[in-house]
Amino acid sequence: MVMFWVVILAVSILLYVLLDGFDLGIGILFGLTGNEERRRAMLSAVAPIWDGNETWLVVAGVVLWGAFPNVYATLFSAFYLPLLLMLAGLILRGVAFEYRYKTQRLRWVWDAAFAGGSLVAAFIQGMTVGALLEGLPIADGQYTGGEFGWFSPFAVLCAVGLCLGYSLLGACWLLKKCEADIRDAAYRLIPCLAVGLLTFLVVVFVYALAENLQVMHRWLERPNLFVFPAIGIIAALVAASSVRRRRDGLPFYMVALIFVAAFGTLAISFWPYMIPFSITIAEGAAPHSSLAFMFWGEGLFVFPLMLLYTVISYTVFRGKVRSSEGHY
Amino acid sequence: MDLTALLLSRIQFGSTIAFHIIFPSFSIGIAAWLTVVEGLHLWTGRPVYRLIFEFWLKIFGIAFGLGVVSGIVMAFQFGTNWSVLSRMSGPIQGVLLSYETFMAFFLEASFFGILLFGRSRVPPWFYLFSTAMVALGTSLSAFWIVANNSWMQVPTGYVVQNGQFVPNDWFKITLSPVQWVRFPHMLLAAFLAGAFCVAATGAWYRLRGIFTAEARVMLRMGLYLAAVLLPVQLVFGHLCGEYVVHHQPSKMAAIEARWHDEKPASEVLLAWPDVENRRNLFAITLPPPFGSLIDSDSLTAAEVGLESIPPENWPPVVIPFFSFRIMVGCWLVMVLVAWVGSYLIHKERIEQNRMLLWATFLSFPLPFIAILSGWVTAEVGRQPWVVYGVLRTANAMTPFLTSRVAAISLAVYCVVYSFIFAFGTFYIYRLLRAGPEGRLVLPPAAAVPNRPMSVVDEDRLTPPARHVPAGE
């Protein structure tokens, strides 16, 4: 039963990272262009689906609370200020989607909110992962790091890395969804983002080695962990070649695969901890009666339907966004 | 323990949830109303119902979107500010809220898409079914939220193990007698909010002499529904009082400003509770046995006074005392408007009676004030407990939260919320003022399930949108 909820939680988080990842990335790229035509095209590539993407964050949040209350309580209280900023960013960028078309004069406000909110949310998510990798100061299941215990150079490195990663994912989504101008711009941008991301990955790795982070030992102790990075490298190579051959559809899936590989690497290097290296899955889990009650209703029946709904919604809005619809 | 951080956290939770509660209660009421209107449209085939449906669907879209956005914060706040509570009660509260997210998300998201862009793609009966499913989704969402809160009011079906509330009877937790009076009370409140908003809009158009046919339907349906529901609401409100008498004597004593045990008890109608001297100033009081009659349906029952409860377990008496009276006061005014209005409608005289039209128009905030003050009564009256009788609010807070950090977050939420809600309310106002006619467009092709607010874009209302002929 615990394992079932670990899987549901992992799937929810992964779906969130992949789906909201590309639309946050597009939000970041949105800030880089001042051209109204391009901005509309970028928005139209995510407009039908971003809200559903974000819902996975709430799903992950409540699953964490119901199934792993100890982890929920420890993590969320530790990341008090970052979560506040992330929520503010997500709210502002969410309403900006809708509000920017209701005004001409104040459109710049909502555009700034959209780009800024996306950037802040992505940055915070990266920083959270970085802080977890480094290990939060926790004693007796209680966070002891103070107001800024999550802040470190390493966490900032990870944050910048994730912003680049999301941007790359976003650029690849634009390839998949857009034509002409935007598509060409994305093709020009992707190599820069990819090289930037690679550089950051190397820096993070070297930093982790140099600082002798605890998580490094796990990587070195468990060589079969390298399956995931290997998948990531292969995906990166395929992505590179498909970008060179201008195959619009493929790079997104390959970059998504890189994210899956990175997620898998993280998950296995945390295992069996949920908060490395202080709270294990078993310690974090809710009592059996809670997990079972969740399983027989929402787990067994509603969750598959939610996945199905996501698939349907993506199927309905598949294909390139036509420029005639570009007014959104 | 940082007392300022505690106070700031309470203010933050209270104000964010107060902002939030307005929009879901509105959309629960409007979703049900849309179902009724669509049913009538199918049944009678009158185009006016179709016009009204399309019009309120747009308003529903904005309220729904704002409810979703402000709801995200609630899922996080338990963990950030109340980590001790969320650790202890996650096995129960987390589970209830996860049901809420899963069920409401699924039903609303799936069928809301059909409401927005599926009218031409599905048979009429299925369209009606989808409307009903959206209404069901919003109501189910309320069910789980109220179940969660009812458990905090009267915790049941659990044992304490390793410092956690471990559920051992889910039937008791989800379907307790307390839940069965509080959930209908909340649902009726939401329906009343919808009914008064609809009636007030009708009155507004009538006063301005526009949209006569729509105004007539809105006035009739809104006021008739309110006239029927208000007495039922009184019954459920009274039943809620009974659970308070049995399970939360401190809350009841505070609501009644009853300082001493009385048998049979008197009833304080209005007063200024003087907590320091444990007495009421300027009291208007009904003699015994009115207090016993109201609280316990009895001529002789003994009622508990605050003095037989240790002062450290008292709620802040003044707040529940007045918030309860504000709620009841709103109810009285609503009854007056709804009954007189219904009588005048019945006599076909309401359209000449400008005073009543004004009263109806101005009454739309009443159900919301009643919801908020009723909620304040329930929540502040529960203090100093967060889980009544088991866990104190002061012990539930994140222990290392500092007042500085709590002040920052409170300020950020206030600014962001005021900002987005000011704009959202403005857009709703603009739509309401403009009214149904000329705004009625076919569902825009690009409006999609997950973007409820897209129905009201200015861009869409300009030429490319096709107008439905009024005689359709």
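The structure is a predicted model, in which local features need pLDDT of at least 70 and side-chain atom pairs count only at pLDDT 80 or more, while totals for chains, interfaces and linings use all residues. Residues are numbered from 1 along each chain as its sequence is written, and chains are lettered from A and ligands numbered from 1 in the order in which they are written.

I begin with chain A. Its secondary structure comprises 13 helices and four strands; helices (H or I, at least four residues) and strands (E, at least two) are DSSP runs, numbered from the N terminus. Chain A is as compact as a globular protein of its length, because its radius of gyration is 20 Å, close to the 20 Å that the globule rule gives for 328 residues. That radius is taken over C-alpha atoms, and the rule is 2.2 Å times the number of residues to the power 0.38. Along the principal axes, the C-alpha atoms of chain A fill a box of roughly 55 × 45 × 35 Å.

Of the 328 residues in chain A, 50% are buried. A residue is buried if 20 or more other C-beta atoms lie within 10 Å of its own, exposed if 12 or fewer, and partly exposed in between, with C-beta atoms placed from the backbone.

I turn now to the contact between the chains. Chain B contributes 52 residues and chain A 53 residues, where two residues are in contact if their C-beta atoms, placed from the backbone, lie within 7 Å. On the side of chain B that touches chain A, the elements giving two or more residues are helix H2 (47–81), helix H3 (83–117), strand S2 (164–167) and helix H14 (403–434). H3(B) gives the most, with 17 residues.

Finally, the backbone of chain B. Which peptide bonds deserve a look? The bond from Lys263(B) to Pro264(B) is cis, with omega near -15°, and Pro264(B) sits in the loop between helix H8 (249–256) and strand S3 (267–274). The bond from Pro288(B) to Pro289(B) is also cis, with omega near 5°.

The loop between H8 and S3 also holds Ala257(B), whose phi is near 50°, a positive value in a residue other than glycine. Ala257(B) counts as buried, because it has 26 C-beta neighbours inside 10 Å. Asn162(B), not a glycine either, has a positive phi of about 50°, but counts as exposed, with 7 C-beta neighbours inside 10 Å.
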